[in-house]
Amino acid sequence: MLVSTLSLLRTAAEAGYAIGAFNVYNLEAARAVVAASEANRSPAILQILPRAFELGGAPLVKLCLAAARDSSVPISVHLDHSRSPDDIKAVLSAGLSSVMADGSHLSYHDNVAFTQAMADIVHKQGAVIEGELGQLTGTEYVLPVSEYEESLTDPDQASDFVAKTGIDALAVCIGNVHGRYPKEPRLDFDRLAAIRSAVAVPLVLHGASGLNESSVRRSIQLGISKFNVNTELRQAYLDALRESLHSSPSADLPDLMQEAVACMSKVVSMKLHLFGSVGKAGILTT
Ligand SMILES: [Zn+2]
């Protein structure tokens, strides 16, 4: 069933687990997420990146919405990392009710202005919005310490940011990175605890590919309600295609698609277990 992202996140926060938000680019990925969620009786989020939206347009949004509606478990559909007011308006018109407005590359002042303007548009449509404070691009391994510290989410600023923008969920930067981690990630849990005390909205952690079990568990205990997963799912898709074509060069397209769905489903299933959402497909409490 198609549900609201916010009720998924609030229910998860109350019950002490987190929701997996998986970036999908096409039908196979959407089917993989839904199949794994159904098999595990787990809620989940289908996420569309701007690049995928550029390629797939409204048909991709509608495909994801249809997959969510037809599912036997609670699923929401969300636009990830948008810097474009036009894209945000376009997905709302296509039926989406959950978006991320990403102004994290801007100065604090401009991030507030951009996110607040997007929140107004999104809320007028009865939809929900995630914002981001801090910059995920930097890691402590490539930046000088002072610049790395500056790229992380400041708890006091987070409180001001949420109050001024009216966002419904906040993506935090506590040492998490997009893509593969160059070394074992070291998340700043003291910072996460301080952010959790400073704001009331659900917290989101991007860059969950490669986070170990103890980091995920601790993040959930300290208030993370949504983990974004892109890299590992995409890698499973590419590996499935590569291996299928290598072992049987004349494989037919439906067979390749089926193999890709099966491989991605395994990754989704593993993440759902990690996030503690298995068996949580019952009635939403909020
Ligand atoms: Zn992200």
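This tour moves through the structure stop by stop, naming what to select and what is found there.

The model is predicted: local features need pLDDT of at least 70, side-chain atom pairs count only at pLDDT 80 or more, and totals for chains, interfaces and linings use all residues. Residues are numbered from 1 along each chain as its sequence is written.

**The core**

Begin with Phe22, Val33, Leu46, Cys64, Val99, Leu170 and Met264, the residues with the most contacts inside the largest nonpolar core, which has 89 residues. A nonpolar core is a set of buried Ala, Val, Leu, Ile, Met, Phe, Trp, Tyr and Cys residues joined through C-beta atoms within 7 Å. Helix α11 gives the most to this core, with nine residues. Helices (H or I, at least four residues) and strands (E, at least two) are DSSP runs, numbered from the N terminus.

Keep Phe22 selected and display its surroundings. Apart from neighbours within four places in sequence, Phe22 is in contact with Val33, Ala44, Ile45, Leu46, Gln47, Val229, Leu233 and Val268. Two residues are in contact if their C-beta atoms, placed from the backbone, lie within 7 Å.

**Helix α11 and its partners**

Select α2 (residues 27-39) together with α11 (residues 253-275); the two pack at an angle of about 45°, with their axes 8 Å apart. Accordingly, α2 is oblique to α11. Angles under 35 degrees count as roughly parallel, over 145 as roughly antiparallel, 65 to 115 as roughly perpendicular and the rest as oblique. Axes are lines fitted to C-alpha atoms, for helices over the stretch in contact, and angles run from 0 to 180 degrees between N-to-C directions.

The crossing of α2 over α11 is right-handed. A crossing is left-handed if the near helix is turned anticlockwise from the far one by less than a right angle, and right-handed if clockwise. On the α2 side, the contact includes Val33, Ala36 and Ser37, and on the α11 side it includes Met264, Val268 and Leu272. The residues of this contact divide into twelve nonpolar, three polar and two charged. Ala, Val, Leu, Ile, Met, Phe, Trp, Tyr, Cys and Pro count as nonpolar, Asp, Glu, Lys and Arg as charged, and the others, Gly among them, as polar.

Among the residues making the contact are Leu233, Tyr237 and Leu241 of α10, and Leu256, Cys263 and Met264 of α11. This contact of α10 with α11 comprises eleven nonpolar, one polar and three charged residues.

**Helix α7 and its ends**

Move to α7 and α8 (residues 189-198), whose axes come within 8 Å and cross at roughly 30°. Their crossing is right-handed. Pro155, Asp156, Ala158 and Ser159 of α7 meet Arg191, Ala194, Ile195 and Ala198 of α8. By class, these are five nonpolar, one polar and two charged residues.

Select Leu152, in the loop between α6 (145-151) and α7. Leu152 counts as buried because it has 21 C-beta neighbours inside 10 Å. A residue is buried if 20 or more other C-beta atoms lie within 10 Å of its own, exposed if 12 or fewer, and partly exposed in between; C-beta atoms are placed from the backbone. Beyond four places in sequence, Leu152 touches Gly134, Cys173, Ile174, Asp188 and Arg191.

Then select Gly166, in the loop between α7 (155-165) and β6 (169-172). Gly166 is partly exposed, with 15 C-beta neighbours inside 10 Å. Not counting residues up to four places away in sequence, Gly166 touches Gln116, Ala119 and His123.

**Final selections**

Arg180 lies in the loop between β6 and α8. With 11 C-beta neighbours inside 10 Å, Arg180 is exposed. Its contacts, leaving aside neighbours within four places in sequence, are Gly210 and Thr231.

Finish with two backbone features. Arg41, in the loop between α2 and β2 (44-48), has a positive phi of about 50° although it is not a glycine. Arg41 is partly exposed, with 15 C-beta neighbours inside 10 Å. His81, in strand β3 (residues 75-82), also is not a glycine and has a positive phi of about 50°. With 24 C-beta neighbours inside 10 Å, His81 is buried.
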